[in-house]
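Hi everyone, thanks for coming. I'd like to walk you through one structure today, so please have a look at it on the screen before I start.

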Amino acid sequence: MNAIQLKNELYTIESKIKQDIMNFHQHVMSATRDLIFYEQTIYEKMMTYLLMMNKKEMSPKAFKEMLEMVMQGREEKWHMVRYYAENADSYSIFNVIVYLKRIWPEYKKLHRQFKRLRAKLIDDLGELKTLIECIKAKPKKNKRTMQALETLHDLHYQVLEALTIELGTIDFRKYLDYMFIGDATISKNEFLSLLNLDRSKRSQETIRNLPERIDRDTFLDAVFVDKIEDEWNDTFGEMIFDSVMIAKDRDPELRKRMLDKIDEIFEGKLPMYKATYDEYLQPVKLERMKPKLRLVKK
């Protein structure tokens with residue numbers, strides 16, 4: 001690679017990576033604003049529901065005191081909470097659940113775009129690695145090549161810094177659980193009205209056998225275990241799975257228990273691998289993990 005080729009290659013990769021970094025940061029900022037709005041709206045609806053649950057059980061004076069305490073510092077944002085608290089007798093949990101269902105596709109879209117832009121940055125690191133190694137392999141280095149290396153290492157640092165950013169998440173299952181606060185249940189018809197149902201014979205049999213009142217465990221089993229939602233539109237199943245993955249990523253002990261359970265179910269026959277990455281986040285080694293030793297009963 002001569003000096004002109006080096007200069008052109010450096011300009012091309014520098015422009016591309018800086019643009020990718022900028023696109024990544026812009027998406028993170030825009031998506032974070034949306035996620036904050038989603039969660040604030042969910043929380044406002046959830047608080048309205050919880051307040052209205054207590055309204056029938058409290059004296060008007062006690063309820064008003066509780067309302068003022070809840071509203072403290074939130075007057076500019078929580079118009080809906082005050083309106084319902086002062087003018088309505090009830091507020092359905094389905095207002096919360098339907099909103100969750102409505103924003104779920106947008107929520108997933110934000111995270112898919114985040115992952116695409118993040119993957120692009122990791123690909124950029126691979127290009128940086130190739131060019132840096134090419135320059136380092138040159139037997140003679142002049143001032144221009146040393147400046148090029150400095151620029152590339154600086155880009156390497158900027159990309160790694162960007163990759164430390166994570167996009168916020170919403171634990172949707174937490175809000176689904178509120179539907180069953182205390183010993184609450186919902187009717188079978190209410191439950192089925194929330195879902196895009198699978199029309200297979202197996203799912204129809206499961207649906208017929210559901211009890212007339214649905215509690216939390218029945219809800220989770222039907223959606224997440226029996227999978228009675230349409231496989232191409234399983235909103236609530238996806239919500240629950242997403243929450244499980246969030247919990248797994250945040251809790252090393254839970255992650256270990258999940259891996260142990262997978263190993264137990266497949267009796268060590270499911271191959272598991274450990275990947276090793278270099279400083280450019282490129283895979284350099286993939287090794288199969290040894291299965292756990294098992295006691296064989298005679």
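Let's begin with L121, which sits in helix α4. Helices here are DSSP runs of H or I with at least four residues, strands are runs of E with at least two, and both are numbered from the N terminus. Before going on, the ground rules: this is a predicted model, where local features need pLDDT of at least 70, side-chain atom pairs count only at pLDDT 80 or more, and totals for chains, interfaces and linings use all residues. Residues are numbered from 1 along each chain as its sequence is written, and side-chain values use heavy atoms, with hydrogens and water left out.

Is L121 buried or exposed? L121 is buried, because its relative accessibility is 0%. On this scale, buried means under 20% relative accessible area, exposed means over 50%, and partly exposed is in between, with a 1.4 Å probe and protein chains only. Leaving out residues up to four places away in sequence, L121 touches D20, I21, F24, V159, A162 and L163, where contact means heavy atoms within 4.5 Å.

Now to the core. The largest nonpolar core holds 67 residues, and L152, F191, F219, I228 and F236 have the most contacts inside it. For the cut-offs, such a core is a set of buried Ala, Val, Leu, Ile, Met, Phe, Trp, Tyr and Cys residues joined through side-chain atoms within 4.5 Å. Which helix gives the most to this core? That is α4, with 17 residues. Another core lies apart from it, with 10 residues, including M47, F63, L67 and A85.

Not counting residues up to four places away in sequence, F191 touches I186, L210, I214, F219, A222, V223 and I228. That takes us to helix α9, residues 216-225, whose buried residues are T218, F219, L220, A222 and V223. These pack against α6 (172-177), α7 (188-194), β2 (213-214) and α10.

What caps the N-terminal end of α9? It is D215, with a side-chain oxygen 3.4 Å from the backbone nitrogen of D217. Just after α9 comes K227, with a positive phi of about 55°. K227 is in the loop between α9 and α10, and it counts as partly exposed because its relative accessible area is 48%.

There is another positive phi to show you: L281, at about 60°, although it is not a glycine. L281 lies in the loop between β3 (273-277) and β4 (283-288). At 31% relative accessibility, L281 is partly exposed.

Back to α10, where we find T235. T235 is buried, at 7% relative accessibility. Beyond its neighbours within four places in sequence, T235 is in contact with K101, W104, N196 and E229.

Last stop, the largest pocket, with about 380 Å³ of space. Of its 14 lining residues, H111, E166, T169, I246 and D249 are the closest to its centre. Helices α4 (94-136) and α10 (235-250) are the elements that give two or more residues to the lining.

Grid points are joined across faces, edges and corners, and the volume is the space filled by probe spheres set on them.

How values were computed. On a 1 Å grid over the protein atoms alone, a cavity is a set of points where a 1.4 Å probe fits but cannot get out, and a pocket is an open set with protein on both sides within 12 Å along at least five of seven lines; lining residues have an atom within 4 Å of a point. A polar contact is a pair of N or O atoms within 3.5 Å; within protein, one must be able to donate a hydrogen and the other to accept it, and residues adjacent in sequence count only if both atoms are side-chain atoms.
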